[in-house]
Amino acid sequence: MTLLDANLVVDRGAFRLDLPLHAAPGETVALLGPNGAGKTTALRALAGLEALGGGHVRLDGRDLDRPADRTWVPAERRRIGVVFQDYLLFPHLSALDNVAFGPRRRGARRADARAAAAAWLGRVGLEELAHRRPGRLSGGQAQRVALARALAVEPTLLLLDEPLAALDARTRLDTRAELHRHLAEHAGAAVLVTHDPIDALMLADRLIVVEDGRAVQTGDAEAITARPRTDYVARLVGLNLYRGRAAGHTVHLEGGRELTAADPLDGDAFAAFAPTAVALYRDRPDGSPRNTWHATVSGVHRHGDNLRVQLDGPLRAAADVTPASAAHLGLGPGQRVWAAVKATEIRVYPA
Amino acid sequence: MRAAPRRRRRVPAALLVPAIAGLAFLVLPLIGLLVRAPWSTMPQRLAEPEVLQALWLSLRTATAATAVCLVFGVPIAWLLARVDFPGRGLVRALVTVPLVLPPVVGGVALLLVFGRGGLIGSWMEDTFGIGLPFTTAGVVVAMAFVAMPFLVVSVEGALRGADERYEEAAATLGAGRWTAFTRVTLPLIAPGVAAGAVLSWARALGEFGATITFAGNFPGRTQTMPIAVYLALETDLEAAIVLSLILLAVSVVVLAGLRDRWTAAP
C-alpha cells in the first residue's frame with residue numbers, strides 16, 4: 001500500500017528537479033545527496049511551501065498538488081509535519097507552547113492542546129523543560145522539541161530536513177538513536193533529507209540517492225553500499241568505482257584499462273573494490289595478482305587507524321595501508337608505487 | 001622603544017573641528033531654552049489652564065494618530081514586505097511622500113480631499129453630516145498623515161529582518177497567513193513596531209504645518225502644543241519658553257525610552 005505517491009517536478013532556471021517518490025505507512029525514506037541536489041526543494045514541495053511545476057503529490061488518496069488539474073492544497077491544510085534543519089522554534093513561545101501551536105491551529109481547546117503538548121514533550125523526555133524558551137535549550141533539546149512539535153499535529157507524513165546536521169558529534173549519536181525510535185513508532189510515512197550517509201543508513205528503510213535533481217539510485221542500505229552506481233555514492237560508502245564493459249572475467253574500463261574479476265559478466269558494468277583491497281609495493285610484485293598497475297601517490301591522509309593513500313595514474317583509486325607499511329614504503333606525494341588488487345576482491349555488477 | 005599597548009590614532013582636525021561645531025550647533029539652542037526659562041514662576045505657568053489644555057490635547061491627538069498609523073500602517077508594511085505585487089516600488093515611494101513633503105502642502109492637500117468642497121469631504125458632509133477640517137478629529141488626521149511613513153518604514157524594515165521561514169513553520173503547523181501573522185510574525189517584530197509607534201508619536205506630537213492648515217487654531221479643540229508655542233511667541237515669550245520646555249521634556253523622555261535601541265553603538 002502506498003501512502004505517499006509523488007512525482008516532484010520543479011523547474012528553476014537551469015536547475016530541474018524531477019523525482020518520483022513513494023512511501024508506505026510506517027516507512028522512512030531518505031533522500032541522500034550532495035548539497036544543491038534538490039533534496040530540500042523536494043521537501044518544500046511535499047510540505048506545500050513550494051508549488052510544483054509538474055507531476056503530483058498525492059497523500060493518503062488525496063491530491064495535494066497537481067498542476068495539470070490546478071489542484072493545490074496549501075501547507076496549512078496538509079497533514080504534514082516538518083522538522084526544519086535549524087528547527088525554527090518560535091523564539092517568543094515556551095517549548096510547551098511551541099508544541100501546542102499545531103494542535104491549537106487544528107482546533108483543539110487551549111487546555112487540551114497544552115495537555116497534548118505536555119504528553120509529547122514527555123515522550124521526547126523534556127517534560128521538565130516545558131516552560132523554557134527555545135533560546136535557553138541546547139541543540140539536542142531544541143531538536144527534540146522540534147520533533148515533538150511536528151509529531152503533535154499527528155501528521156500522515158513527517159518530513160525531516162537534515163534533522164541532525166546542526167548537532168555536535170556526541171549529541172548526534174544519542175539523538176540519532178532516539179529519532180530512530182520515534183520514526184519506528186510513527187504510523188505515517190516519513191521522508192528524511194540528509195547529506196550524511198550514516199544518518200540515511202541508520203534511520204531509513206529505503207534510500208533514494210539524489211544528484212542534480214534526479215534519483216540516481218534507489219534501494220535499501222545494503223544494496224546501495226554494496227553496489228554504488230555513481231561516484232558520489234561510491235565516495236560516500238568508501239569504494240573505488242569504475243564503469244566499463246564486461247566480457248567474461250575482464251572489464252574493459254572507460255579509458256582503456258582492464259580489470260580482471262572472479263565473477264564473469266557480460267555487458268555494461270560497474271566494477272568496485274574497497275580501498276582495503278588494494279596492496280601497495282615498492283617494486284613490481286611477483287606472482288599472481290592480475291590487476292597490477294604503476295601509480296603515483298597524490299596524497300596521504302589519516303583514515304581511522306590506517307592511512308588512506310590517493311593514487312593517480314592509469315587508474316585513480318584510494319588505497320588503505322597501515323602506518324607501518326606506509327613507513328616501510330616511505331609513502332609521500334609524488335612517490336611511484338605498484339598497486340595490486342586480487343580478482344576476488346573486485347565486485348562486478350550490471351550498469 | 002616599546003609600542004604603547006593601545007595606541008590611539010590621531011583624529012584629523014578637518015573632521016574634529018566641524019564635528020565639535022556641529023555638536024555645539026545642536027546642543028546650544030537647548031541650553032538657551034534652559035537658561036532663559038522662567039524657573040521661579042514655572043509652577044504657576046505649568047498650572048495655567050491654557051497650557052494644560054494644549055498639552056492634554058496634544059497628548060490625546062498624538063496618541064490617537066499613532067493608533068491610526070498602527071491600524072493602517074502595519075498592514076501596508078506587511079504588504080510591502082511580504083507580497084510581491086506589480087507596482088510595489090511605486091507604492092513604497094508614495095507611502096514615503098509625506099516624509100519629504102512640506103507639512104503645509106500636506107495640510108492643503110488634506111483640505112482639498114476632506115474639506116467641505118473636497119472629494120471625500122463633501123460626500124461625508126452629505127452622508128454623515130460630519131466634517132473633518134477645523135475639528136479635533138482633523139488634528140488626528142493631519143498628524144497621522146505626516147507620521148504614517150515613520151511607522152511603515154520602521155515596521156517594513158522589521159518585517160524584512162524577520163525570518164520568513166517562521167511563517168512557513170507556522171503554516172506547516174496549520175496556521176493560515178492571518179494566524180501566522182498575529183501569532184508568530186507580530187510577536188517577533190514587536191520591537192520594530194514599538195519603535196515605529198514611538199517615532200510616529202513623536203512626529204505627531206511635533207506636527208505644526210499640516211495641523212494649522214487643515215485643522216486651524218481653536219484653543220481646546222485644535223490648538224496643539226506646537227501651535228500654542230508659535231502663538232505665544234508673539235505675545236508672551238516666557239509662555240513660549242515654558243511650552244517649549246514641556247515638549248523638550250517629552251522628547252527627552254521618549255529618547256530615554258528608546259535608549260538601548262538607538263543611542264547604543266550599532
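Reader: How many salt bridges does the rule find across the interface of chain A and chain B?

Author: Two. A salt bridge here is a side-chain nitrogen of Lys or Arg within 4 Å of a carboxyl oxygen of Asp or Glu. This is a predicted model: local features need pLDDT of at least 70, side-chain atom pairs count only at pLDDT 80 or more, and totals for chains, interfaces and linings use all residues. Side-chain values use heavy atoms, without hydrogens and water.

Reader: Which side chain does Arg44(A) meet in a salt bridge?

Author: Glu168(B), at 2.8 Å, N to O.

Reader: What area do chain A and chain B bury between them?

Author: About 1700 Å², 66% of it on carbon and sulfur atoms. Buried area is the accessible area (1.4 Å probe) that two parts lose on being put together, summed over both. Glu76(A), Leu88(A) and Arg105(A) supply 31% of what chain A buries against chain B, more than any other three residues.

Reader: New topic. What is the volume of the largest pocket?

Author: About 630 Å³. A pocket is an open set of points on a 1 Å grid over the protein atoms alone, where a 1.4 Å probe fits, with protein on both sides within 12 Å along at least five of seven lines; lining residues have an atom within 4 Å of a point. The volume is the space filled by probe spheres set on the points, which are joined across faces, edges and corners.

Reader: Which lining residues are closest to its centre?

Author: Of 25, Asp231(A), Asn240(A), Leu241(A), Tyr242(A) and Arg316(A).

Terms used: Residues numbered from 1 in each chain as written. Chains lettered and ligands numbered in written order.
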